[in-house]
Amino acid sequence: MPELILPHRRAFLAGSLAAAGALVLPGCATTGQFSFTEAIRRLLLLSTENAFSRLTAPGGYWDQQVAQIGLNTFFGNRGNVLSNILTSTLFKSRLEDVVADVAVDASYRAAPVVADAVRTIGFANAVDLIRGGPTAASSFLRGQMGVALIDVMVPEVGNALRVAQDPLVGQLIAGVTGVDLGGMATTFSRTVDNAIWNEIGNEEANIRANPSATGDPMLMSVFGGARLL
C-alpha cells in the first residue's frame, strides 16, 4: 500500500468515529446529573479513536509487531524449497511490508464497526462498568460484539493474501504446497482482533487513570469520582 494513501484512510477512520460520537454526546440526563450510560459511550468512543490512531500511525503497532508476527507465525521455515527465500533479507523486508499493509487494511475496515457498536449497544450495567476494572467497558463491548471484527476482516485479509503482487510473496505462496489461505486469514485476523481490543483496553485504562487529560467534563466528573460509587 502506498504510504500516501494512509493519511486519507486515517482521516476517514477518525471521521467515522467522530460521526458516531456526535450521535450520542448530547445524552445527559435532564436532572443535571451526568448519565452513566453516556459516560461509558464517551469512554469507549475516545478509547477506540485513540487506539486506532495509534495502531495505524506510521511506525505504529503494525509496523513494529504485526508484520513480525505474521512472518514468524505463518511463513516459518517449511523446508528446503523455501530455505533460500526465507533467509533472504530482501524477502523478509518485502513480506513484512505486505503483512503490515494487510493489517492496516483490516483495522481500517474494523474501526467503523466498533464505533457503530458503541452507538447502538445499550449499557444496562453502566454503574458496574464505571466502577469496574481498568478495561471493564472495552471487555464488555468485546463480549457483546463477539466475532464481528473477524467477520469483517477475514474476507479482506484473505483477498489481500491471494492477490499479493510482490513476486517474492508469490514465490513463497507457490512454494508452500497445501497452504489453506482461508485458515491463514482467519488466524491472522484473530491476531489483529486481539491487538485491536488490547489497544482499546489500554486506552480505556489510561483514561480511567487520568480522566482530566481528556478535557471532557463528563469523563472527568464521572471517572474522577468513580471510586465513590
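I take contact to mean heavy atoms within 4.5 Å. A reminder to myself: this is a predicted model.

**Entry 1, α2 against α7**

I began with helix α2, residues 36–56, and helix α7, residues 136–145. Which residues meet here? From α2 I noted I40, L43 and L44, and from α7 A137, S138 and L141. Sorting the residues of this contact gave me 5 nonpolar, 1 polar and no charged. I then looked up the geometry: the two axes come within 10 Å and cross at roughly 85°. Angles of 65 to 115 degrees count as roughly perpendicular, so α2 is roughly perpendicular to α7.

Staying in helix α2, I moved on to S47. Buried or exposed? S47 counts as buried because its relative accessibility is 0%. Its side chain reaches the backbone oxygen of L43 at 2.7 Å, and L43 is one of the α2 residues I had listed as meeting α7. Leaving out residues up to four places away in sequence, I found S47 touching I200, E203, E204 and I207.

How many aromatic pairs does a search of the whole structure find? I got 1. The pair is F123 with F140, and it is tilted, at 6.0 Å centre to centre and 50° between the planes. F123 sits in the loop between α5 (89–120) and α6 (126–130), while F140 belongs to helix α7, so the pair ties together parts 17 residues apart in sequence.

Terms used
Residues are numbered from 1 along each chain as its sequence is written. This is a predicted model: local features need pLDDT of at least 70, side-chain atom pairs count only at pLDDT 80 or more; totals for chains, interfaces and linings use all residues. Side-chain values use heavy atoms; hydrogens and water are left out. Axes are lines fitted to C-alpha atoms, for helices over the stretch in contact, and angles run from 0 to 180 degrees between N-to-C directions. Helices (H or I, at least four residues) and strands (E, at least two) are DSSP runs, numbered from the N terminus. Angles under 35 degrees count as roughly parallel, over 145 as roughly antiparallel, 65 to 115 as roughly perpendicular and the rest as oblique. Ala, Val, Leu, Ile, Met, Phe, Trp, Tyr, Cys and Pro count as nonpolar, Asp, Glu, Lys and Arg as charged, and the others, Gly among them, as polar. Buried means under 20% relative accessible area, exposed over 50%, partly exposed in between (1.4 Å probe, protein chains only). A polar contact is a pair of N or O atoms within 3.5 Å; within protein, one must be able to donate a hydrogen and the other to accept it, and residues adjacent in sequence count only if both atoms are side-chain atoms. Rings of Phe, Tyr and Trp (its six-membered ring) pair if their centres lie within 6.5 Å; planes under 30 degrees apart count as stacked, over 60 as edge-to-face and the rest as tilted.
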